[in-house]
Each structure stands twice: as structure tokens, then as C-alpha cells.
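Thanks for coming. Please have a look at the sequence and the structure on the screen, and then I will go through a few points.

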Amino acid sequence: MTERAKKEIFLTLLEPVWQNLNGYARALTGNTEDAKDLVSDTLLAAFENFEKLKDKDAFKSYLFTIARRKYKRNNWRLRLFSSYDEYPEHEAFNFESRESDPDIRVDVGLLYKAMKELPEKQREAITLFEISGLSLQEIQVVQGGTLSGVKTRLKRAREKLAELLREGEKSVTVKKNGNALKNIGRNNKMTIDVKAQLNLK
Amino acid sequence: MSEKMKKDNEILEKYFEEARNSQQLFPMEQARSILEDHIAGKLLHLKVFGRN
């Protein structure tokens, strides 16, 4: 098979899961630049090894398994070789978004921030299931282990996330109300303050 | 299902729905262009060095 023919088949399989891969990278890395790097690295590694994938129906699991490995490897390097100052916390969860509704941007920021509080395997599982749309079986392939292990991880992650989001909603509401009283007449001040609190652009 | 679980599910669904629909990092065309650049680079390497 020529490289160009391989590329066309690869892209046909990639298209339906492209957005899912982006969502996964964003949720794992927590910032736009690292997410872009992860997507590019995954794309090239998946393309280079594409001929080894015998069952093309397993493309989704194949792609996300590569993304997961790449992320783990990069994350390990980052922890080992970088100081805290090189990757300041304020840059985390600072996404470029095409979403024009500030409330939705705040909600998405809250969700990703809450997800960062979860243990790594739970965060992965819930991201793969809820944002990337993988089935339980596909997640089992990506993460390894048993199906019941995946189900348990998802259940615990959902419980913890619901708790964190309830707390987050309360604090945003308090912030919104407080600022609304202070800033009557100032356009969008409330939204800007909430966004600043969440480190959203 | 308990009332608390129902509420939790409603909260989670709202957030996940927004996250699923909100944004993507780069459009599909960019995936094509990344691959095309990669293939062009490989071909050039092959032309210059005669092997992978």
C-alpha cells in the first residue's frame, strides 16, 4: 500500500473519532498547548503503526491506547525534568474555546478542574466514557484489567465528580451574586471575574 | 434510583454535554495537513538518503 493510499484509509477511520480524541487530550493534559502536542504525537504514531492494526474495527481502541501511552510517557518526563515554575498552575485549564457563551465556558472550566481532582485511572475512564464516547469494552482494552474494574472506576469517578461540581456550583453562585451586587451597571464584570477565578481566557 | 443519585446524574449530564459540544483543538483538515507534511518529509528523506 502506498503512503497516500494508507493516509486516505487512515483519515476515513479517524474522522468519526477526531473530536473525541481532542476532548480526551484536553481532559488529560489540562491545557491547550499540551493537548495539541498530544494529539499530533498520537496521530503520527498511530499512522506509522497503522499497518500493524489487523482489525480496523478496533481503530478507536488502538488510537486511544496510543494517546494514553503518549500522555503517560510525557507526563512522566514532565514530572522528572521540569520544575514547578516551568509549568505554572495558572496555565492549566486555560483553554482556547470557540464557545461564545461565557456560562458554558465557565461550566466546562469547572468540569475539567474537578476532573483534575480524581485519581488518574478514574479521570481517564470517565473522560473516555463521557467525553470521548468509548464503550466499556473499548475502555477495558485501553486501560487493561477487567470490565468490572472499569465499571467500578466509572461509578466512583461519577460520585466524586458530582460532589466536586456541587461544591463548585455553590462557590460560583456566591461569587456571581457577590460581584453582581458590587458591579451593577458594569457590563460583563461578573462573567469576567468568574472566568478569571477559573483561569479561563 | 435515589433522589440524590438522580440529581447527581442531572448535574453530571449537563456538564458532560457542554464539554462534548463546546470546542475542538483543531479541525479535521489539520489532521490531514499534519499527515501530508509527515509523508512529504519521509519522501524527502528517502530521496536524499535513499533509505528510512
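Predicted model: local features only at pLDDT ≥ 70, side-chain atom pairs only at ≥ 80, totals over all residues.

Reading along the sequence, the pattern is α-α-α-α-α-α-α-α-α. The chain has 201 residues, and 46% of them are buried. The accessible surface is about 10600 Å², with 51% of that belonging to carbon and sulfur atoms. As for contacts, take those between residues at least 6 apart in sequence: 68% of them join residues at least 24 apart.

Now the helix pairs. In general, two packed helices are described by the angle between their axes and the distance between the axes.

The crossing of α2(A) and α6(A) is right-handed. Which residues make the contact? From α2(A) they are Asn20(A), Gly23(A), Tyr24(A), Ala27(A) and Leu28(A). From α6(A) they are Arg123(A), Glu124(A), Thr127(A), Leu128(A) and Ile131(A). By type, the contact of α2(A) with α6(A) has five nonpolar, three polar and two charged residues.

The next pair joins the two chains. Here helix α3 of chain A, residues 32-48, meets helix α2 of chain B, residues 28-49; their axes come within 10 Å and cross at roughly 55 degrees. At that angle α3(A) and α2(B) are oblique to each other. This crossing, α3(A) with α2(B), is right-handed. On the α3(A) side the contact residues are Ser40(A), Leu43(A), Leu44(A), Phe47(A) and Glu48(A). Facing them in α2(B) are Ala31(B), Ile34(B), Leu35(B), His38(B), Ile39(B) and Lys42(B). The residues of the contact of α3(A) with α2(B) divide into seven nonpolar, two polar and two charged.

Last, one residue in chain B. Lys7(B) lies in helix α1, residues 3-22. Is Lys7(B) buried or exposed? Its relative accessibility is 55%, so Lys7(B) counts as exposed. Lys7(B) and Gly41(B) are 34 residues apart along the chain, and their C-alpha atoms are separated by 53 Å.

That is what I have; questions are welcome.

Key. Residues numbered from 1 in each chain as written. Chains lettered and ligands numbered in written order. Heavy atoms only, no water. Axes fitted to C-alpha atoms, helices over the stretch in contact; angles between N-to-C directions. Helix = DSSP H or I, 4+ residues; strand = E, 2+ residues; numbered from the N terminus. Parallel < 35°, antiparallel > 145°, perpendicular 65-115°, else oblique. Left-handed = near helix turned anticlockwise from the far one by under 90°. Contact = heavy atoms within 4.5 Å. Nonpolar A, V, L, I, M, F, W, Y, C, P; charged D, E, K, R; others polar. Buried < 20%, exposed > 50% of the residue type's maximum accessible area, 1.4 Å probe, protein only. Areas by Shrake-Rupley, 256 points an atom, 1.4 Å probe, with all protein chains shown as cover.
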